[in-house]
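Subject: Structure handover

Hi there,

Here is the structure I promised to pass on to you. Please have a look at it first, and my notes follow below.

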Amino acid sequence: MTDPTAARTPDELLADALGRIAPEADLSNVDPDEPLAEAFDLDSMDMMAVLETLQELSGVRIPDRDAPKLSTLAGVRAYLTHPPSRG
Amino acid sequence: MAEFRMPSLGADMDEGTVLEWRVAPGDTVHRGQIVALVETEKADIEVEVFTDGVVQELVVPVGQKVPVGTVLALIAEPGAEAAAAVAAPPPPAPAQAPSPAVTPAGRAHPPVRSPLVRHLAEERHLDLEAVSGSGPGGTVTRDDVERAAARSPRRPKISPRARRLAAEGQPAPTATPQRAESRAPGVAMRQAVGRVMAKAKREIPHYYLSMPIDLRAALDWLDARNANRSVADRVLPTALLLHAVAQAVRQHPAMNGTFDAATERHVPSERVDLAVAIALRDGGLIAPVIPDAGSLDLDGVMEALKGLVGRARRSGLRGSDLSPGSLTVTSLGDASPGSAGVAQLFPVITPPQVAAVGIGAIREQPWAVDGLLGVHPVVWISLSADHRVSDGRDGARFLATLDDLLTHPDQLGA
């Protein structure tokens with residue numbers, strides 16, 4: 001069985017998180033700077049669920065105030081690659 | 001002996017079909033345990049049992065449509081001489097399965113699939129429809145499932161709902177991003193919604209009131225409250241609005257409960273069982289319930305809302321989610337691409353309820369405070385109410401209470 005904690009790319013993590021809310025979502029066609037909510041017709045509850053799952057899968061804690069930074073694919077990549085350091 | 005009956009899973013539901021039994025005779029069940037998957041016109045619902053005991057008999061087989069109230073199964077409650085009386089497990093499928101029979105309605109019975117086989121298929125992540133059965137009449141046996149599992153790589157499960165939509169000719173969800181208007185609700189869902197709405201408009205004399213409410217204080221309060229929480233613990237404005245509605249309704253019982261057409265009287269409800277209208281991704285509308293919302297705090301409302309939306313979207317709603325509501329709230333608050341969102345929404349009351357609350361989009365608007373003009377986040381909240389139960393003045397007072405709660409959010413709890 002694959003080690004569930006093996007490092008996955010931000011794209012893989014996001015695809016997994018998105019898939020639970022919008023099974024038909026396909027990240028390969030998305031403009032990295034397009035808001036995910038628009039690309040996949042997600043409302044505020046959906047976006048929240050996606051970020052919550054992303055937090056869970058990535059192990060990176062996402063404070064609520066950082067949520068706007070994760071609104072696009074580019075934003076997710078940047079945030080998960082270089083998560084803000086703890087003080 | 002307890003009778004497990006087909007529950008009513010919505011105002012529109014008269015009958016349902018058991019799609020899957022999740023238990024078999026001889027199984028011990030507990031209160032709240034999911035025992036069956038029932039198909040209604042709107043959705044496939046996981047149905048719970050509300051007694052402890054041992055399953056004696058599954059009275060209604062898979063695939064048979066029965067009216068609400070029909071006895072589906074018999075459960076021996078603890079203390080009865082149950083265990084010894086349970087019939088021996090049915091003989092292995094090949095010995096007893098009949099060839100497909102034709103029901104009076106003229107449709108062939110699906111091949112017999114025991115709950116055990118279904119469980120096994122689920123565990124192995126197999127689509128049972130695609131497994132060929134080697135038993136008589138195409139019955140799928142345990143061995144068939146094990147062989148299929150060994151052969152095929154892990155496949156995605158196809159929900160009964162997706163299968164039904166495919167049968168109706170609806171396009172299956174594709175891999176490309178979709179816009180809402182390209183997903184059409186199934187015919188059955190459309191008709192179910194339509195029937196209830198038509199009845200509501202025919203029978204309930206609606207009156208409508210609407211009020212703009214300044215949410216500057218409420219949203220600032222909520223932002224401060226959310227600031228140090230993770231995204232998982234964030235409380236959304238929608239939850240705050242639902243919480244405020246539940247609290248306001250407690251003070252205005254004429255907006256809550258049901259109307260008994262036979263006696264022409266309002267039947268007040270002690271609890272606020274808040275039905276929340278949720279749009280499903282493949283189209284269609286369902287209104288699962290937050291039971292006793294009036295006694296929940298803000299975090300409790302948010303948790304309940306997340307649970308309902310999550311289950312509704314995953315086609316995993318349970319029978320208890322569809323217990324009758326005493327009031328319905330509909331929100332079209334989220335803006336769609338290119339639009340600021342609907343300003344005012346005038347809902348249709350779901351019979352036999354006596355009121356419904358509509359919540360529009362929160363929009364930045366000019367707003368006067370102490371003679372000075374500013375820009376505030378404003379939401380229009382509407383009340384549709386049954387004129388047999390209340391008058392405009394009662395409705396106006398309800399909206400005034402709601403306004404007071406939302407403009408003084410500290411009243412809404414920590």
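How many salt bridges does a search of the whole structure find over all chains? The answer is 17, where a salt bridge is a side-chain nitrogen of Lys or Arg within 4 Å of a carboxyl oxygen of Asp or Glu.

Before the details, a word on conventions. This is a predicted model, so local features need pLDDT of at least 70 and side-chain atom pairs count only at pLDDT 80 or more, while totals for chains, interfaces and linings use all residues. Residues are numbered from 1 along each chain as its sequence is written, chains are lettered from A and ligands numbered from 1 in the order in which they are written, and side-chain values use heavy atoms, with hydrogens and water left out.

**Salt bridges**

One of the salt bridges links Lys306(B) to Glu52(A), with 3.2 Å from N to O. Lys306(B) sits in helix 8 (residues 298-313) of chain B and Glu52(A) in helix 3 (residues 44-58) of chain A, so this pair joins two chains. Helices (H or I, at least four residues) and strands (E, at least two) are DSSP runs, numbered from the N terminus. Lys306(B) is buried at 16% relative accessibility, whereas Glu52(A) is partly exposed at 23%. Here buried means under 20% relative accessible area, exposed over 50%, and partly exposed in between (1.4 Å probe, protein chains only).

Within chain B, Arg22(B) and Glu20(B) form a salt bridge whose closest N and O atoms are 2.9 Å apart. Arg22(B) is buried, with a relative accessible area of 18%, and Glu20(B) is buried too, at 12%. Arg271(B) and Asp273(B) meet in another one, at 2.8 Å from N to O. In that pair Arg271(B) is partly exposed at 39%, while Asp273(B) counts as buried at 11%.

Over in chain A, salt bridges link Arg8(A), Asp16(A) and Arg20(A) in a network.

**Nonpolar cores**

A nonpolar core here is a set of buried Ala, Val, Leu, Ile, Met, Phe, Trp, Tyr and Cys residues joined through side-chain atoms within 4.5 Å. The largest one has 76 residues, and Leu274(B), Phe398(B), Leu402(B) and Leu406(B) have the most contacts inside it. Helix 7 (residues 237-250) of chain B gives this core its largest share, nine residues. A second, separate core has 25 residues, among them Val30(A), Val50(A), Val60(A) and Leu70(A).

Leaving aside residues up to four places away in sequence, Leu402(B) touches Ile213(B), Ala244(B), Val245(B), Ala248(B) and Ile381(B); contact means heavy atoms within 4.5 Å.

Leu405(B) belongs to helix 9 (residues 392-407) of chain B and is buried at 7% relative accessibility. The C-alpha atoms of Leu405(B) and Leu241(B) are 9.7 Å apart, although 164 residues separate the two along the chain.

**The sheet in chain B**

Four strands of chain B make an open sheet in the order 1-8-6-3, with antiparallel pairing. Two strands pair if DSSP finds at least two bridges between them. Strand 1 (2-5) and strand 3 (28-29) are the edge strands, each pairing on one side only. Strand 6 (residues 53-58) and strand 8 (residues 71-76) run antiparallel and are joined by four bridges. Val54(B) stands opposite Ala76(B) of strand 8.

Best wishes
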